[in-house]
Amino acid sequence: MPLVLNEDQQMLQDSAKNFCQQHAPIAVLRRLRDEDNPRGFDQDIWQQIVELGWTGMTIPESFGGFDFGFSGLGVVLEQTGRTLLSSPLIATVLLSATAINKLGTDSQKAELLPKIAAGELLLAFAIDELPVHKPSHIAATAVKQGNDFVLNGSKTFVLDSPVAEKILVVARTSGETGDLAGRSVFVVDAKQTGVEVTRTKMVDSRSCGKLTLNDVIVSADSQLGTAEVTDSSLNRILDIARVGLAAEMLGSALEAFERTLEYLKQREQFGVLIGSFQALQHRAAIMYSELELCRSAVRAALSALDEQDKTDLEIARLASMAKAKLCETAELVSNEAVQMHGGIGMTDEFDIGFYLKRARVAQQFLGDVNFHRNRYATLSGF
Amino acid sequence: MREKESSVSALESFRESTRSWLEENCPPSIRTPMVQDEIVWGGCNAEFKNPESKLWLERMAEKGWTCPTWPQEYGGGGLSKDESIILSQELARINARPALTSFGISMLGPVLLQYGNHEQKAEHIPKIVRGEIRWCQGYSEPGSGSDLASLKTRAELEGDHYIINGSKVWTSYADKADWIFCLVRTDFEVPKHSGISFILFDMASEGVSTKPIQLISGSSPFCETFFDDVRVPASNLVGQLNDGWTIAKRLLQHERTMISGFGLAGSQGDRGGTTSTTASLEKAAMHYRGDEEQISDPVLRDQIAQFKIDSEAFAFTSQRSIEESKQAQGPNATSSMLKYYGCELNKRRYELLLQAIGSQSLGWEGDGFSDDELQIAREWLRSKANSIEGGTAEVQLNIVAKRVLGLPDMLSLVSK
């Protein structure tokens with residue numbers, strides 16, 4: 001598993017970094033928030049992202065993508081994390097396109113994937129029903145009725161649901177709430193009768209919502225793969241998304257750390273730069289060490305996603321390692337960033353608070369540190 | 001592209017020939033986990049509890065593979081970095097024990113190759129490769145621990161000899177070593193960093209004496225070392241007079257890289273090859289609680305999971321640092337970060353092992369405890385030195401803050 005970027009990935013990183021800094025600085029997120037923009041992203045920036053090809057990076061060439069691999073998408077997400085770029089990349093590309101590609105029939109892929117690659121279709125992925133991530137807890141039902149399914153239930157913390165044209169819904173086609181078997185993924189049109197999305201404004205200002213399904217009738221061919229999903233294939237999709245999210249969190253944590261470091265080198269108190277105080281130096285050096293571990297964890301997990309011979313168990317362990325490590329470090333760094341900035345770090349005018357807010361939402365999304373440590377222990381056989 | 005392909009196939013044929021050489025030359029007992037008293041340290045009075053260890057050392061030294069990347073001119077293996085990676089992979093494949101473990105290899109050799117003159121290299125490097133001379137490190141002094149540059153052992157020129165007076169402390173295995181690489185003050189009039197020189201001498205010289213120090217773990221790997229009018233040929237000074245601090249710091253980077261390896265064993269949670277129930281934290285925790293499927297204490301389980309996640313991420317970081325140093329030459333400032341983190345991890349491992357095993361881990365000696373349990377108590381106590389030796393954890397954090405993060409000098413507070 002390569003742990004350093006190759007030449008192509010290095011070039012991609014440079015161009016992504018340039019793009020985010022020049023065209024999508026943190027001021028964009030601030031503007032979206034101040035406007036109370038329900039879409040949660042900037043349409044012009046999204047169009048440029050589509051033109052850069054980021055939407056097609058993990059989609060096979062036969063379905064309109066570039067097949068550049070998850071390492072490539074991870075490199076991009078790390079850079080978007082630096083400027084807290086809010087875009088449909090996570091919900092549409094990382095989660096939904098992966099689910100369609102892994103689970104869908106050829107005709108489902110042919111219908112949906114080229115549109116995603118071309119930036120013509122936005123999706124959301126609805127799985128959580130509790131306020132904490134618990135993928136086995138699926139109470140939403142899909143009952144077969146002739147050639148159709150009837151969906152009922154409710155979902156929470158559904159990223160991009162207020163803007164998505166289609167929503168992938170994880171619902172139960174057999175068994176009881178809590179069973180690992182009996183879950184299916186359906187493609188549901190957001191405009192359809194019985195689908196209701198209530199926007200929820202989160203602290204990170206991204207687009208999010210709660211979803212209720214009230215006797216929603218979908219045709220049988222909207223069931224991805226026209227079959228129930230196995231626990232391992234559903235987890236593979238979630239694990240890919242967890243690793244991608246960890247890459248984004250890495251970028252945010254690195255940026256928050258570097259901004260803090262700059263502040264330590266500028267701010268004077270007691271007649272000296274505060275960065276000369278050992279109490280702060282050691283905490284900065286410890287954060288640096290943790291971030292280096294995070295970098296390695298993310299690189300290892302991303303590389304593994306692109307290797308054909310990796311088992312589901314190996315991927316799962318690496319994904320939980322990466323997400324757990326990033327959750328822990330994102331919390332450390334975002335807290336220290338505010339603390340070390342002192343009073344100014346508490347003001348809305350200053351940007352560092354945005355990193356704190358985004359960190360917590362990303363920490364919760366797809367499993368927090370407790371979820372992943374517990375899972376890592378189970379997968380490791382203890 | 002053609003060139004790339006041919007070099008790839010050259011590497012593959014190197015792998016094949018290495019594999020078949022190892023098959024033929026690595027004795028059977030060498031392919032079993034290392035036991036503490038069979039580690040080969042070399043030296044004039046080298047002891048070989050296992051005769052196959054001697055054979056293994058001779059065969060490996062013959063090829064220069066005890067120091068695979070050192071120049072052939074001085075007895076090294078002359079391998080490229082890629083070839084040496086293949087060699088270590090092939091050694092790992094058959095679980096081969098290290099042929100030779102020595103401070104000559106891990107600390108002195110690399111800086112002597114960089115700063116020594118031809119005569120010095122020709123005299124010392126081949127003997128390090130073959131394990132003929134065992135070296136010790138004369139750095140710390142009773143009054144100079146973390147503030148190493150304040151050292152006071154003096155070397156005064158008298159004709160073509162230096163006369164050395166003073167004392168060193170924490171000299172690892174000084175009582176077993178043949179030669180010492182030593183930091184001495186050659187100028188008392190200049191700022192502390194600018195008056196230090198790096199010198200080599202024979203521990204059998206008249207005026208050298210050593211006294212072992214007993215540690216809290218009961219063992220005595222370290223000594224106090226005294227120099228009383230020791231006469232050392234002036235030609236034994238390495239590099240420039242009064243420029244010893246440059247060499248000293250470089251050597252410390254190599255030392256840190258070596259010590260940070262202690263934390264690596266944690267990637268598998270093991271203590272280096274043992275197959276007992278205490279080989280890994282989780283096995284120990286389950287065994288001593290009578291657990292079958294998972295550790296029944298959820299709080300301990302969480303702490304072990306956190307430790308193992310950190311260990312795995314640390315192992316990836318060490319590996320990444322090797323991949324990155326392929327471009328650079330030798331260890332860089334990140335060696336301080338690795339040293340800091342690796343040592344903290346190793347200490348955490350032993351604290352968790354004590355929690356996993358309970359009171360059976362706290363026996364000192366005698367009946368009521370297995371050898372393994374008694375060993376753990378000693379290893380736990382020994383691990384406390386990890387974050388002190390080779391530069392304390394606090395000194396490593398200072399170095400990271402200054403050299404890696406570029407934070408302003410702490411002394412700026414005083415000078416203003």
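Domain bounds here come from an automatic or database domain assignment.

## The model and its numbering

This is a predicted model: local features need pLDDT of at least 70 and side-chain atom pairs count only at pLDDT 80 or more, while totals for chains, interfaces and linings use all residues. Residues are numbered from 1 along each chain as its sequence is written, and chains are lettered from A and ligands numbered from 1 in the order in which they are written.

## Domains of chain A

Let's start with chain A, which is divided into domain 1 (7-120), domain 2 (124-226) and domain 3 (231-379). The centres of domain 1 and domain 3 of chain A, taken over C-alpha atoms, are 21 Å apart. Their contact (C-beta atoms, placed from the backbone, within 7 Å) takes 21 residues from domain 1 of chain A and 25 residues from domain 3 of chain A.

On the domain 1 side of that contact, α2 (26-34), α4 (70-82) and α5 of chain A each supply at least two residues. Helices are DSSP runs of H or I with at least four residues, strands are runs of E with at least two, and both are numbered from the N terminus. The largest share of this side, ten residues, comes from α4(A).

## A bent helix

Helix α5 of chain A (residues 89-103) has a bend of about 30° at S96(A), the angle being taken between axes fitted to the seven residues ending there and the seven starting there. In α5(A), 14 of its 15 residues are buried. A residue is buried if 20 or more other C-beta atoms lie within 10 Å of its own, exposed if 12 or fewer, and partly exposed in between, with C-beta atoms placed from the backbone.

## Where the chains meet

Now to the partner chain: 37 residues of chain B are in contact with 33 residues of chain A. Elements giving two or more residues to the chain B side include α7 (281-289), α9 (334-357) and α11 (393-404) of chain B, and the largest share, 17 residues, comes from α8(B).

## Chain B as a whole

Chain B has twelve helices and eight strands. Its radius of gyration is 23 Å, close to the 22 Å that the globule rule gives for 416 residues, so chain B is as compact as a globular protein of that length. The radius is taken over C-alpha atoms, and the rule is 2.2 Å times the number of residues to the power 0.38.

Along its principal axes, the C-alpha trace of chain B spans about 75 × 55 × 45 Å. Buried residues make up 42% of the 416 residues in chain B.

Conventions
Contact = placed C-beta atoms within 7 Å.
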